[in-house]
Amino acid sequence: MKSIQNNCFHTLNTIQLPDRDAALLPEIDTICRFYSDLWNHNRPGSDVWNINHSCGTYVNVSHETIQLLTLSEQYRTITDGAFNILAATVKHLIQRNKNTSSHEFTQLVEKLSREHILIDGNRVLCPPWGVIDFGSIAKGYVCDRINEFLTAKGVKSAMVNLGGNISALGCRGDGSDWKIGIRDPFSDRKTSLCALKVRNRSVVTSGMYERALSFHGRPVHHIIDPSTGLPCVSDFSSVTVVSESSVDSDAYSTAITVMGRKRAEVFIQKNDIDVFCMTSDRTIFYTDNLHPIFFES
Ligand code: AMP
Ligand code: MG
């Protein structure tokens with residue numbers, strides 16, 4: 001296998017291809033850079049930057065952005081609001097250590113449930129109070145685009161890892177399943193709890209161990225519960241979703257974390273979603289189609 005690495009999407013990405021397909025690696029790098037630039041919320045002129053600076057007016061965006069916003073809206077509906085691209089508004093306030101009055105805060109939570117992004121052709125209207133980012137969904141979407149590209153080129157086997165958002169195309173060169181490690185959410189040493197055996201599947205984990213934000217010196221979770229407007233307090237320590245579509249895995253792993261176990265169990269069954277989860281009391285549960293291999297400790 002040959003591989004390439006880059007730091008797109010503010011994370012480390014590794015793409016591995018069989019030696020005979022290695023000439024395609026630079027093209028995959030170009031795909032990563034294209035989407036990373038398009039959706040970089042810190043880059044003036046990017047689609048996301050333009051949306052976040054539109055002050056309640058329509059802005060023109062690329063068709064890829066329309067596609068991702070349309071998908072985001074579908075995920076918001078199907079998850080009954082647990083997935084909400086405008087949850088980034090809260091993350092934005094936390095990152096600026098902004099104190100909001102309780103009245104302003106109640107209003108924001110209400111707006112999160114009532115007001116949404118509007119799409120009209122290639123134009124987008126973001127509510128004037130809103131900020132978006134595609135942190136919960138972009139890597140999944142781009143994994144799918146890379147797999148589409150590779151499949152069209154006749155590639156039969158590949159491992160795409162965009163910051164832990166993993167897509168395993170086909171099987172390994174020797175015909176065996178890919179084995180994807182699932183991190184133990186209770187270990188500081190980033191050890192694996194087990195591995196999942198998969199082929200042609202995307203494996204995406206959202207973990208409560210990723211306390212990516214700091215609010216007044218206190219670490220808080222980077223996933224926001226739109227129904228409370230607060231960093232999510234979940235009884236899941238980690239949620240891994242396995243599906244054919246990486247964007248589904250990415251969006252659902254975030255949403256299921258927000259839902260918590262009781263609500264998630266109904267959602268998973270209704271929508272036939274494969275998950276491997278660990279709860280905060282260290283109970284593991286996974287759906288029947290998955291094949292975990294547990295390591296000796
Ligand atoms: P992930 O690591 O895929 O679970 O995504 C986490 C990122 O998604 C955060 O860093 C936020 O940018 C964004 N986010 C936070 N809460 C939500 C939510 N409820 N719905 C959609 N995106 C969210
Ligand atoms: Mg996600």
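α4 contributes three residues to the lining of the second largest pocket, the largest share. In this predicted model, local features need pLDDT of at least 70 and side-chain atom pairs pLDDT 80 or more, while totals for chains, interfaces and linings use all residues. Residues are numbered from 1 along each chain as its sequence is written, and side-chain values use heavy atoms, with hydrogens and water left out.

**Second largest pocket**
- The pocket (an open set of 1 Å grid points where a 1.4 Å probe fits, with protein on both sides within 12 Å along at least five of seven lines) has a volume of about 250 Å³.
- Of its 14 lining residues, I94, F105, F215, G229 and L230 are the closest to the centre; lining residues have an atom within 4 Å of a point.
- At least two lining residues each come from α4 (88–95), α5 (102–114), β12 (218–220) and β14 (230–231); helices (H or I, at least four residues) and strands (E, at least two) are DSSP runs.

**Strand β7**
- Five of the five residues of β7 (165–169) are buried, so the strand is largely enclosed by the rest of the structure; buried means under 20% relative accessible area with a 1.4 Å probe, protein chains only.
- N165, S167 and L169 point one way from β7, and I166 and A168 the other way.

**Pairing of β7**
- β6 (158–162) and β7 pair in the antiparallel sense over five bridges, where pairing requires at least two DSSP bridges.
- Two residues separate β6 and β7 in a hairpin, and G163 in the turn has a positive phi of about 55 degrees.
- β10 (201–207) also pairs with β7 in the antiparallel sense, over three bridges, with V203 as the bridge partner of I166.

Key: Chains are lettered from A and ligands numbered from 1 in the order in which they are written. Grid points are joined across faces, edges and corners, and a volume is the space filled by probe spheres set on the points. Buried means under 20% relative accessible area, exposed over 50%, partly exposed in between (1.4 Å probe, protein chains only).
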